[in-house]
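Visitor: I am new to this structure and would like a close look at a single part of it. Could you take me through the aromatic pairs and the residues that form them?

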Amino acid sequence: MTEPPATGSLHHVELWVPDLRRAATSWRWLLEQLGYELHQDWPDGRSWRLGATYIVIEQSPALTAAGHDRRRPGLNHLAFHAGNRERVDELARRAPAYGWTLMFQDRHPYAGGERHYAAYLEDQDGFEVELVADPG
């Protein structure tokens, strides 16, 4: 028997993307590398689940813009625990083959500060993820 999720924990995140096929390639690879499993698959979207949390990408007909700008009000980025430093480095190295670009290359892997080891990636639609290494 499993315990119910803690009150206040994240249930799901839904990202509206301008090109589902392109986004699915990037997000499928990344989320599956982080332990998520495909949860739902429908003509306009996909979702992946890890425990009680799932992440959705959807190409909705209700979109009002052609792209995402993380610098506008709204979502700036998603940050994921990504394992040890070696795993973060491996994901950052492999990410470009799946449509991700390493951000802040001149400060990588300490773009978040000298005590914060992480890789910051951006997909082709402007969505940013932060892959945070375990402390130590």
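Predicted model: local features only at pLDDT ≥ 70, side-chain atom pairs only at ≥ 80, totals over all residues.

Guide: When the whole structure is searched, five aromatic pairs are found, and one of them joins Phe-104 and Tyr-120, whose ring centres are 5.4 Å apart and whose planes meet at 80°. Because planes over 60 degrees apart count as edge-to-face, the pair of Phe-104 and Tyr-120 is of the edge-to-face kind. As for where the two residues sit, Phe-104 belongs to the loop between strand S6 (101-102) and strand S7 (118-122), while Tyr-120 is in strand S7 itself, so the pair ties together parts that are 16 residues apart in sequence. Phe-104 is partly exposed, its relative accessible area being 28%, whereas Tyr-120, at 9% relative accessibility, counts as buried.

Another aromatic pair is made by Tyr-110 and Tyr-117, and this one is also edge-to-face, with 5.4 Å from centre to centre and 90° between the planes. Here Tyr-110 is partly exposed, with a relative accessible area of 34%, and Tyr-117 counts as buried at 13% relative accessibility.

Arg-71 is exposed, because its relative accessible area is 67% and exposed means over 50%. Between the C-alpha atoms of Arg-71 and Met-103, which are 32 residues apart along the chain, the separation is 14 Å.

Key:
Residues numbered from 1 in each chain as written. Heavy atoms only, no water. Phe/Tyr/Trp six-rings, centres within 6.5 Å; stacked < 30°, edge-to-face > 60°. Helix = DSSP H or I, 4+ residues; strand = E, 2+ residues; numbered from the N terminus. Buried < 20%, exposed > 50% of the residue type's maximum accessible area, 1.4 Å probe, protein only.
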